[in-house]
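Please keep the sequence and the model in view while reading.

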Amino acid sequence: MDIQQIANRYVELCRQGKHAQITDELYADDAVSIEAPGNEAGPLGNVKGIEAIREKGRKFQDDVVEVHDSWCSDAVIGGDWFSLAMGLDATYKSMGRMPMAEVAVYKVRGGKIVHEQFFYG
């Protein structure tokens, strides 16, 4: 897949709430995940490798009690990168109900996502 196809598939799956499938289909084995500045060392901090990214996703999902609303923008593509704005209004075990919004950027190489980085705060 080219970057446009990967970005479109990401948006499609994100809007369906299929986040584990995004990782399984679109990520490279050596992908990295970088959290927003100040959150690098937390339980969902920076990780490297597909298994660590899967575990990070599981930890996040395990903390979610109920999703009230979610959204994902269309992708903006520039070179080997695409970006999305995303939001989630959910109730969490660890912090109660909290709406969140972020901008995420993704680098694609060889038909797979190799880097994700989140900006929120």
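In helix 1, the buried residues are Ile3, Ile6, Ala7, Tyr10, Val11, Leu13 and Cys14, where buried means under 20% relative accessible area, exposed over 50% and partly exposed in between, with a 1.4 Å probe and protein chains only. The model is a predicted one, in which local features need pLDDT of at least 70 and side-chain atom pairs count only at pLDDT 80 or more, while totals for chains, interfaces and linings use all residues. Residues are numbered from 1 along each chain as its sequence is written, and side-chain values use heavy atoms, with hydrogens and water left out.

Helices (H or I, at least four residues) and strands (E, at least two) are DSSP runs numbered from the N terminus. The 13 residues of helix 1 should span 18 Å at 1.5 Å a residue, and this agrees with the 18 Å between its end C-alpha atoms; the expected span is 1.5 Å times one less than the number of residues. At the start of helix 1, a side-chain oxygen of Asp2 comes to within 3.1 Å of the backbone nitrogen of Gln4, and after the helix comes Gly17, with a positive phi near 75 degrees.

How many disulfides does the structure hold? There are 0, a disulfide being a pair of cysteine sulfur atoms within 2.5 Å. The sulfur of Cys72 has its closest cysteine sulfur in Cys14, 3.7 Å away, and therefore too far for a bond.

| Residue | Relative accessible area |
|---|---|
| Cys14 | 7%, buried |
| Cys72 | 7%, buried |

The largest pocket has a volume of about 1300 Å³. On a 1 Å grid over the protein atoms alone, a pocket is an open set of points where a 1.4 Å probe fits, with protein on both sides within 12 Å along at least five of seven lines, and lining residues have an atom within 4 Å of a point. Of its 45 lining residues, Leu44, Phe60, Leu88, Glu102 and Phe118 are the closest to the centre. Helix 3 supplies the largest share of this lining, 9 residues.

His115 lies in strand 7 and is buried, at 18% relative accessible area. Its side chain makes a polar contact with the side chain of Gln117 at 3.3 Å, such a contact being a pair of N or O atoms within 3.5 Å, one able to donate a hydrogen and the other to accept it, with residues adjacent in sequence counting only if both atoms are side-chain atoms.

Methods. Points joined across faces, edges and corners; volume = space filled by probe spheres on them.
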